Amino acid sequence: MLTHLRSFTIVDMAKLAIDGQTMDAKTFWPLYQTFVKSIVLYREYMPSTFYEVVLSIHLLAVQKYIINPKKIMLEKMLFVIDAINHQPTRSSNVEMRSLKRLLNFINGWIMSGNDNRRDSIENFLAAARRLQIDVITMNDLQVSMTDIWTKSQTVRETGTPTGLQ
């Protein structure tokens, strides 16, 4: 049903958060793209229950396209990073803010090719481990920020796109 929609309602997003856990990456991808386009409509409306749905969908995307992809696709990885970096958050949304911060560091590191940014990422992860916020948990989903960083390094080692914007 969701594949035929051009925009998602809150109910559609809640359905995607649940059904997305059993979808393969190929099936989930167009739905995630629709979700990213739709979330803009709710920029000013983010109660805690809706925030949980949004975070769950983003965590699914991180798992499917950054941490555990069957085939590494830099374009999809960068799309997920960009979508999360542009996700509206409040100061109370610690999990999303931490994830955004890490992905912002990683994006800069991938795009610049500058290894000096690696230190910023390592320092951020060390602080996250000390504060015990290095694993983001939402409902049944768990995403380790260290796993995101490890996989990002693998992507970078297989070839960084020169001049990609």
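Analyst: Partly exposed means a relative accessible area between the buried limit, under 20%, and the exposed limit, over 50%. The model discussed here is predicted.

User: Why does Asp19 count as partly exposed?

Analyst: Asp19 has 25% relative accessibility. Buried would need under 20%, and exposed over 50%. Asp19 therefore counts as partly exposed.

User: What makes the contact of Lys15 and Asp19 a salt bridge?

Analyst: The N to O distance between their side chains is 2.6 Å. The cut-off is within 4 Å, from a side-chain nitrogen of Lys or Arg to a carboxyl oxygen of Asp or Glu. The pair therefore qualifies as a salt bridge. A search of the whole structure finds 1 salt bridge.

User: Where do Lys15 and Asp19 lie, and how many residues apart?

Analyst: Both are in helix H1, residues 10–19. They are 4 residues apart, about one turn of the helix.

User: Why is Lys15 called partly exposed?

Analyst: Its relative accessibility is 36%. That value falls between the 20% and 50% limits, so Lys15 is partly exposed.

User: What makes Gln132 count as exposed?

Analyst: Gln132 reaches 69% relative accessibility. Exposed means over 50%, so Gln132 qualifies. Gln132 sits in the loop between helix H6 (117–130) and strand E1 (135–138). Its phi is positive, about 60 degrees, although Gln132 is not a glycine.

User: Why is Asn139 called exposed?

Analyst: Asn139 has 54% relative accessibility. The cut-off is over 50%, so Asn139 counts as exposed. Asn139 is in the loop between E1 and strand E2 (141–144). Asn139 has a positive phi of about 55 degrees, and is not a glycine.

How values were computed:
Residues are numbered from 1 along each chain as its sequence is written. This is a predicted model: local features need pLDDT of at least 70, side-chain atom pairs count only at pLDDT 80 or more; totals for chains, interfaces and linings use all residues. Side-chain values use heavy atoms; hydrogens and water are left out. Helices (H or I, at least four residues) and strands (E, at least two) are DSSP runs, numbered from the N terminus. Buried means under 20% relative accessible area, exposed over 50%, partly exposed in between (1.4 Å probe, protein chains only).
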